[in-house]
Amino acid sequence: MEKLKARWGIESNWQIIVILIVFAITGSTASYIGKPILSYLNITTDAFGSFSYWVIRILLLFIMYQFLLVFFGWLFGQHSFFWNFEKKMLRRLGFKRFLD
């Protein structure tokens, strides 16, 4: 636990638990609401083919996950941690010029 606290720059075990809960809720929520959104947009395997459908679904889930992560982080009182986590992830993906 101490390595994780040092790496993430947090102080208590309670924060680790809250952060892990936020990650779990965010992933589950993004996955759960992804299919209805695709259905609403009429994106199905019949219309787009299996490969294209899954590419679109994964991209949609990735985008939703980014927003939901910061939102649930804020909701659980860990906004600064998740905002910094998000900026670090987006920098690694090549969006550095949009964040500075």
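Helices here are DSSP runs of at least four residues, numbered from the N terminus. The model is predicted. Helix 1 spans residues 2-8. Both Glu2 and Lys5 lie in this helix. They are three residues apart, which is about one turn of the helix.

The side chains of Glu2 and Lys5 meet in a salt bridge. The N to O distance is 3.2 Å. A search of the whole structure finds one salt bridge. Glu2 has a relative accessibility of 57%. Glu2 therefore counts as exposed, because the cut-off for that class is over 50%. Lys5 has a relative accessible area of 11%. Lys5 is therefore buried, because that class covers values under 20%. The salt bridge thus joins Glu2 to Lys5, with Glu2 exposed and Lys5 buried.

Contacts of Lys5 were also listed, leaving out residues up to four places away in sequence. On that basis, Lys5 touches Ile10, Glu11, Ser12, Asn13 and Ile16. Asn13 and Ile16 fall within helix 2, which covers 13-40.

The largest nonpolar core holds 17 residues. Of these, Ile19, Val22 and Phe82 touch the most other members. The largest share comes from helix 2, with seven residues.

Val22 shows how such a core member is surrounded. Neighbours within four places in sequence are again set aside. Val22 is then in contact with Leu69, Phe72, Gly73, Phe76 and Phe82. Among these partners, Phe82 is itself one of the core residues that touch the most other members.

Helix 2 and helix 4 each supply at least two residues of the patch.

The relative accessible area of Trp14 is 59%. Trp14 is therefore exposed, because this value lies over 50%.

Note on methods. Residues are numbered from 1 along each chain as its sequence is written. This is a predicted model: local features need pLDDT of at least 70, side-chain atom pairs count only at pLDDT 80 or more; totals for chains, interfaces and linings use all residues. Side-chain values use heavy atoms; hydrogens and water are left out. A salt bridge is a side-chain nitrogen of Lys or Arg within 4 Å of a carboxyl oxygen of Asp or Glu. Buried means under 20% relative accessible area, exposed over 50%, partly exposed in between (1.4 Å probe, protein chains only). A nonpolar core is a set of buried Ala, Val, Leu, Ile, Met, Phe, Trp, Tyr and Cys residues joined through side-chain atoms within 4.5 Å. Contact means heavy atoms within 4.5 Å.
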